[in-house]
Amino acid sequence: MNGARTGEDGRGGWRRLASRFLLGLTLCALVLSLAVLQRAASVVETRLTGSAGVVAPGAGTGQGTDQGAGAAEGADAETNATANVGPIVTLDGAIARALGAAGLTLSRLALVCLALAALATALAWWLALDSTRRREHRARLDDGRTRREQAAILSLLDEIAPLASGDLRVRATVSEAMTGALADAFNHAVGELRWLVGTIDGSAVRVGQAVTESRESARRLVGACAVQAREIHRSSNYLASMSETMAQLSSHATESARIATVSVGEAEAGGQAIQESVQRLSRIRDEAELATRLMQRLAENANAIDERVETIRDVARRTDLLALNTTIRAAASAASAFEDADMTADDTFMDGTQSSRGRSASGDLSRLSDEVTRLADLLGGAARDIASLSRTIRQDADDTVRAMDETNRELASGLAQAEQASGSLESIESVSRELQELVREMAEKTLRQSGVVRQLSTNMGVINGITSDTSDEVQATAGALDALNELALELRDGVADFRLPPPARAADGVDGTTEVAANRAVTRAATRSSVRAVDHG
Amino acid sequence: MSAPRHVLFEAGGLALAVPADAVQAIHDELPLQRVEGTRPWFLGLAVADGRLLPVTDLGAWLGRRASGGRTLQLHVDLGIAGFRVDVVYGLSDADTDVSAERDAGAVAGKGGGTVSREGPDGVLTPLTIDEDGRQHRIVDLAGLLQSPEFLDIAAAGT
């Protein structure tokens, strides 16, 4: 049908093109004829006004036999006309030059033009008649087509009437009629609308679920914000306490630095005192060593005295022995004298003077012996006393030497301990200086840390405010989520009137309407629960 | 004034005394020359005052410990002998006493003492001299010098 219509349209177009060509050709012929006639009229008028040498148009026209002369005349006339008439004459000149180039005369050209005009007029007339007939035939055809199309449209309207009530299950019948394409497009649009409604409903369900989850998250977030605010408040209190503690620590560190400074001074003084003690101990040690040497010399002298005492003892012993022997001799002499006296008493011849002399010598010897004995006793006693004193001195010297040795050892030990104490004090002084520096740095850092902690406490307060604002914002977000949920419900309500064909699991007895309603009920329940949860949070 | 009559000394731990006129001299550290084949208490021969003097350890001869001090040289009229004693205390003028041993039937000697001829202790008379709290028994030098035990200086087995 379309192919036939296309062929008919092609033929109609060809006819219209032909008629338009003929009409144009007729108009051109007429215009050309009018131009020729106007030329002829102008030539005649020129010749009538008396210009010599000008050939009358009728003569020219009548003497068609002499084309060369006519042409020359025409050319002259044209030249004059151009000089006298202006633009018309110029057109005429152009025509005349064209005709001259074609070998035609003006009269012949006029005839041709008239003939062409007549032919064109005839063709135009014929074309007009044909067009009229065709228009009438087309009108008849359009009338029948309109009736069929009206019937198809009514049928289509009957098929899509349930769509007005939101039934997206409708499907228009696609036929060969004009409404077939409409039905096809309608079915496509309904399909798109069905997809749109399903998508809106599913999106509303998902939005509801997302809102529910968001409300739950908001509830947890509100709770977390509350906990966070509480912890931040507690931390802020801790920080404040820490700041005070660090301030106290800084104060203590400053005091410790001062004490460390004093300790350094005391260590220096102690080191100097110990150095002086070391020097004194060194002098005492030297003096003790000197005393020890003196005592050793004293002991050696005592030994020498002992040797001398031994000599004295030997002398005393020899003296005693001498005294004993003298005494014995004296006793022997005395005994001899007594015996002599006895004998003298018995012998009258003995001289009494000799006996008396013998007794006197014995007495002198006895006194001498006694004197020597006393000397020996004195010498022995002195030797014993000296020996005793020497022994005592040696004993004292030995004791003193031992004591001095012990003292020297103690001094050496004390000196070593003092030097060790001096080294320890120097170490203490060095450590105290380092400690002083460290404590000073600690005090400064603690002071700075105290400021940082105070700033941190202030920042914690700001964070607490931000947390509170966040909680409020979360509450507002929860409200916005509620509004969003309401919008989702309204959206679902908006598409609730649409009835969709059952999905793939329609065999389970659940149609689209039921599913949408069930989803909406679930969304409402979840929204109510989340609202309660957020309100409670 | 009376002359001293006794020399007081100690030998072998015994406080003894001899008459002063019986002693010629007292020597100190008298060099001795040992004689082989003699008894241990016979210390040897010494030269005193240019004369040969046999020296006997009186403490050892009395059966006591050996003496190590001075040497008493007896008077040549009594005999040529010397006795090594520990200590010579000196001379004493004290009178003699009679100890309890007098009642034992000992023979009275010179000075009222008694002399026992039986063993070394027999030369100790019962007479004593008290001096400085010590009782010095007087030795019977004549008996001692005549004692066979004293004269027998040969070592046993020789």
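Does Trp41(B) count as buried or exposed, and at what relative accessibility? At 11% relative accessibility, Trp41(B) counts as buried, given that buried means under 20% relative accessible area and exposed over 50%, with partly exposed in between (1.4 Å probe, protein chains only). This is a predicted model, in which local features need pLDDT of at least 70 and side-chain atom pairs count only at pLDDT 80 or more, while totals for chains, interfaces and linings use all residues. Residues are numbered from 1 along each chain as its sequence is written, chains are lettered from A and ligands numbered from 1 in the order in which they are written, and side-chain values use heavy atoms, with hydrogens and water left out.

Over all chains, the structure holds four aromatic pairs, where rings of Phe, Tyr and Trp (its six-membered ring) pair if their centres lie within 6.5 Å, planes under 30 degrees apart counting as stacked, over 60 as edge-to-face and the rest as tilted. One of these joins Trp41(B) to Phe150(B), and because the ring centres are 6.4 Å apart and the planes stand at 20°, the pair is stacked. Trp41(B) lies in the loop between strand S3 (23-27) and strand S4 (42-48) of chain B, whereas Phe150(B) belongs to helix H3 (residues 148-151) of chain B, so the pair ties together parts that are 109 residues apart in sequence. Helices (H or I, at least four residues) and strands (E, at least two) are DSSP runs, numbered from the N terminus.

Phe150(B) is itself buried, with a relative accessible area of 9%. The rings of Phe150(B) and Trp61(B) have centres 6.1 Å apart and planes at 80°, so this pair is edge-to-face. It links distant parts of the chain, since Trp61(B) sits in helix H1 (residues 58-61) of chain B and Phe150(B) in helix H3 of chain B, 89 residues apart. Trp61(B) also counts as buried, at 4% relative accessibility, and Trp41(B), Trp61(B), Phe83(B) and Phe150(B) form one aromatic cluster.

Two loop residues of chain B call for attention to their backbone. Most residues other than glycine have a negative phi. Asp49(B), although not a glycine, has a positive phi of about 55°; it is placed in the loop between S4 and strand S5 (51-57) of chain B and is exposed, with a relative accessible area of 54%. Asp132(B) likewise has a positive phi, near 50°, and is found in the loop between strand S12 (124-131) and strand S13 (134-139) of chain B, where Asp132(B) is exposed with a relative accessible area of 63%.

Chain A has eight helices and zero strands, and buried residues make up 27% of its 537 residues. Of the contacts in chain A with a separation of 6 or more, 80% come from residues 24 or more positions apart, a contact meaning heavy atoms within 4.5 Å.

Where the two chains meet, the contact takes 17 residues from chain B and twelve residues from chain A. The area buried between them is about 1300 Å², of which carbon and sulfur atoms give 65%; buried area is the accessible area (1.4 Å probe) that two parts lose on being put together, summed over both. The count between chain B and chain A is two salt bridges, each a side-chain nitrogen of Lys or Arg within 4 Å of a carboxyl oxygen of Asp or Glu, and one of them joins the side chains of Arg317(A) and Asp28(B) at 2.9 Å, N to O.
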